[in-house]
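Keep the sequence and the coordinates open while reading.

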Amino acid sequence: MSVSAGSSHTDIKTTGWIAYLPPSLRPYALLARLDRPVGTWLLFLPGVWGILLPQHVGLGERVRLIILFGIGSLVMRAAGCVVNDMWDRDIDRKVTRTAGRPLASGALSMKQAAVFLMLLLLAGLGVLLQLNRLSWLLGASSLILVALYPLAKRFTWWPQLVMGFTFGFGAPMGYAAAAGQLSWAQAALYAATIFWQLGFDTIYGFQDMEDDARIGVKSTSRLWVNKARGFIVTCYGISAVLLAVAAVLSHTGPAFWPLAVLPVALMVRQGWSVSPHNPVLCLAQFRFNREIGITVALALLAGALSA
């Protein structure tokens, strides 16, 4: 699946509402991945999990934090995409799925991307300042992961694990924002989030294996392609166990447990049905993790309300 082969597989969407934007704004929307909101959801949902996990937090405060995290996830996901594309523009030109990205295609310059990044970071800072001081510290720390994640694929076979630490950072931030402290329950939730994201990002990476092998990019997708189902099921299974540990440690209410069965079943089903050489299916399965994450959030909400 190389660019020269003429494959049309890409996840860039220039249709829909993006097509109605002024031509000068479209590249910025595509750079921020506004055409594909699933990434924002997958950054946002761990934060929601963290907000819903601690007990004895007022409903109004939880709602306020969820709104702020929604705005922050949109902005910081966009900032992360800009950083990623600035690092990877030369690699992206060689990969079918990413060759049309604004920096790789030349639709935007590095200077334009840098100015856009600064505006996004300022917006993210505005959201962060609405949270408590512990959240300020964690938010500032997360920028290190955002900056380093694009380098992982150059030096390790486990960039998807680094992505899990990065995208899953909303879990401890959400918990800290709601509870005002960190705890072992929060640590277990963060670990659960990391393994969940390691699983679904490995599925996402299966789309690029041929291109990655050709240009020397490493990934867990390439590393585990011959044992894909076992690896994904293991990741999801560990995530489910750690989620249960987090629920026990936080004394989540009894309504959590019956509802938690659904996301676990969905994860296991996805793991057993993964097909590494079917990029269309891999993309669909990756996107379905939004629904899996929402079902976990609903289980945690039920647990908080029944505590």
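Leaving aside residues up to four places away in sequence, Thr-252 touches Leu-53, Gln-55, Ala-247, Trp-257, Gly-303 and Ala-304. This is a predicted model. Thr-252 itself sits in the loop that runs between α12 (228–249) and α13 (256–273). Its relative accessibility is 11%, and Thr-252 therefore counts as buried, the limit being under 20%. The side chain of Thr-252 also makes a polar contact of 2.8 Å with the side chain of Ser-250.

The helices come next. Two packed helices are described by the angle between their axes and the distance between those axes. Helix α2 (residues 38–52) packs against helix α3 (residues 59–92) at an angle of about 150°, and their axes are 9 Å apart. Because angles over 145 degrees count as roughly antiparallel, α2 is roughly antiparallel to α3. The crossing in which α2 passes α3 is right-handed. On the α2 side, the contact is made by Gly-39, Thr-40, Leu-43, Phe-44, Gly-47, Val-48, Ile-51 and Leu-52. On the α3 side, Arg-62, Leu-65, Ile-66, Phe-69, Gly-70, Ser-73, Leu-74, Met-76 and Arg-77 take part.

Helix α2 also packs against α9, at an angle of about 160° and with 11 Å between the axes. That angle makes α2 roughly antiparallel to α9. Here too the crossing is described as right-handed. Leu-42, Pro-46, Trp-49 and Gly-50 of α2 make the contact with Leu-189, Thr-193, Trp-196, Gln-197 and Phe-200 of α9. Trp-49, Trp-196 and Phe-200 come up again among the ring pairs, being part of a cluster.

Helix α3 has a further partner in helix α6 (residues 133–155), with an angle of about 30° and axes 10 Å apart. Angles under 35 degrees count as roughly parallel, and α3 and α6 are therefore roughly parallel to each other. The crossing of α3 and α6 is right-handed. From α3, the residues in contact are Met-76, Gly-80, Val-83, Asn-84, Trp-87, Asp-88 and Ile-91. From α6, they are Leu-143, Val-146, Ala-147, Tyr-149, Pro-150, Leu-151, Lys-153 and Arg-154. Met-76 is listed in the contact with α2 and in the contact with α6.

Ala-79 is another residue of helix α3. Is Ala-79 buried or exposed? With a relative accessible area of 1%, Ala-79 is buried. Not counting residues up to four places away in sequence, Ala-79 touches Leu-117, Leu-120 and Leu-121.

Most residues other than glycine have a negative phi. Arg-33, in the loop between α1 (26–31) and α2, has a positive phi near 60°. His-56, in the loop between α2 and α3, is not a glycine either and has a positive phi of about 60°. What is the relative accessible area of Arg-33, and what is that of His-56? Arg-33 is buried, at 5%, whereas His-56 is exposed, at 80%.

The last topic is the aromatic rings. The structure holds 12 aromatic pairs. One of them joins Phe-169 and Tyr-190 edge-to-face, at 5.8 Å centre to centre and with 85° between the planes. This pair links distant parts of the chain, 21 residues apart: Phe-169 lies in the loop between α7 (159–167) and α8 (170–179), and Tyr-190 in helix α9 (residues 184–205). Phe-169 counts as buried at 12% relative accessibility, and Tyr-190 counts as buried at 13%.

A second pair, Trp-224 and Phe-231, is stacked, with 4.8 Å centre to centre and 15° between the planes. Trp-224 counts as partly exposed at 28% relative accessibility, whereas Phe-231 counts as buried at 9%. Ring pairs also link Trp-49, Trp-196, Phe-200, Tyr-204 and Phe-286 into a cluster. Of these, Trp-49 of α2 and both Trp-196 and Phe-200 of α9 belong to the contact between α2 and α9.

Conventions: Residues are numbered from 1 along each chain as its sequence is written. This is a predicted model: local features need pLDDT of at least 70, side-chain atom pairs count only at pLDDT 80 or more; totals for chains, interfaces and linings use all residues. Side-chain values use heavy atoms; hydrogens and water are left out. Rings of Phe, Tyr and Trp (its six-membered ring) pair if their centres lie within 6.5 Å; planes under 30 degrees apart count as stacked, over 60 as edge-to-face and the rest as tilted. Helices (H or I, at least four residues) and strands (E, at least two) are DSSP runs, numbered from the N terminus. Buried means under 20% relative accessible area, exposed over 50%, partly exposed in between (1.4 Å probe, protein chains only). A polar contact is a pair of N or O atoms within 3.5 Å; within protein, one must be able to donate a hydrogen and the other to accept it, and residues adjacent in sequence count only if both atoms are side-chain atoms. Contact means heavy atoms within 4.5 Å. Axes are lines fitted to C-alpha atoms, for helices over the stretch in contact, and angles run from 0 to 180 degrees between N-to-C directions. Angles under 35 degrees count as roughly parallel, over 145 as roughly antiparallel, 65 to 115 as roughly perpendicular and the rest as oblique. A crossing is left-handed if the near helix is turned anticlockwise from the far one by less than a right angle, and right-handed if clockwise.
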